[in-house]
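Subject: Structure handover

Dear colleague,

Please find the structure we talked about below. My notes on it follow.

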Amino acid sequence: MPATPDELFATLDRLGIAHPTVSHPPLFTVEQSQSLRGAIAGAHTKNLFLKDKKDALFLVTALEDALIELKSLHRLLGATGRFSFGSAELLRETLGVEPGAVTPFGAINDTAGRITIVLDQALMAHVTINAHPLVNSMTTSIAREDLIKFLDATGHKPRIVLVSEPPRVG
């Protein structure tokens, strides 16, 4: 059985990581998140659950409005062939979350270590990072250093790579 939010919070507590969390209606898209989340300070995320041609799995976490060139991302990350999105079934199997609730906190459920976690360098410029705590009806705020600490504790040393493009002007 995948971890519950309460089990995630207990893990964060054991690691000495503060994790203020706000409950809200379920959010399925970045657009819904932007309109419904209220005034939660910090960087808000989007997450891409990807697989390459040899079924290597990647979770890319970036700023919610990041522009990511998927056609060339596989080269940047050293993957085999272009990326495709992982299926909902594979998402449930590896990260223990439903579509719409994809989160780096899902690393707690990847006990086999199948997923490479990639954090966008632009995201990591922010002091506070917000992500769903395994469900899309809550948002948890965590310090960037504590996100790395959590991921390390789950056996997922994150790769911090600039995967987003600068915002387009005009």
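This is a predicted model: local features need pLDDT of at least 70, side-chain atom pairs count only at pLDDT 80 or more; totals for chains, interfaces and linings use all residues.

**Notes on the model**

Gly-78 sits in the loop between helix 3 and strand 5 (84–85); helices (H or I, at least four residues) and strands (E, at least two) are DSSP runs, numbered from the N terminus. At 62% relative accessibility, Gly-78 counts as exposed. The terms are: buried under 20% relative accessible area, exposed over 50%, and partly exposed in between (1.4 Å probe, protein chains only).

Residues are numbered from 1 along each chain as its sequence is written, and side-chain values use heavy atoms, with hydrogens and water left out.

**Salt bridges**

The whole structure contains four salt bridges (a side-chain nitrogen of Lys or Arg within 4 Å of a carboxyl oxygen of Asp or Glu). Among them is the pair Glu-93 and Arg-114, whose closest N and O atoms are 2.7 Å apart. Glu-93 belongs to helix 4 (residues 88–95) and Arg-114 to the loop between helix 4 and strand 6 (115–120), so this pair ties together parts that are 21 residues apart in sequence. Arg-114 is partly exposed, at 38% relative accessible area.

Lys-51 is partly exposed at 23%, and Asp-55 is partly exposed at 47%. Arg-144 and Glu-145 also form a salt bridge (3.1 Å, N to O); Arg-144 has a relative accessible area of 22% and Glu-145 one of 46%.

**A buried asparagine**

Asn-47 is in strand 2 (residues 43–51) and is buried, with 16% relative accessibility. Its side chain makes a polar contact with the side chain of Thr-61 (2.6 Å). Here a polar contact is a pair of N or O atoms within 3.5 Å; within protein, one must be able to donate a hydrogen and the other to accept it, and residues adjacent in sequence count only if both atoms are side-chain atoms. A polar atom of the Asn-47 side chain also lies 3.0 Å from the backbone oxygen of Val-102.

**Arg-75**

Arg-75 is part of helix 3 (residues 70–77). With a relative accessible area of 60%, Arg-75 is exposed.

Regards
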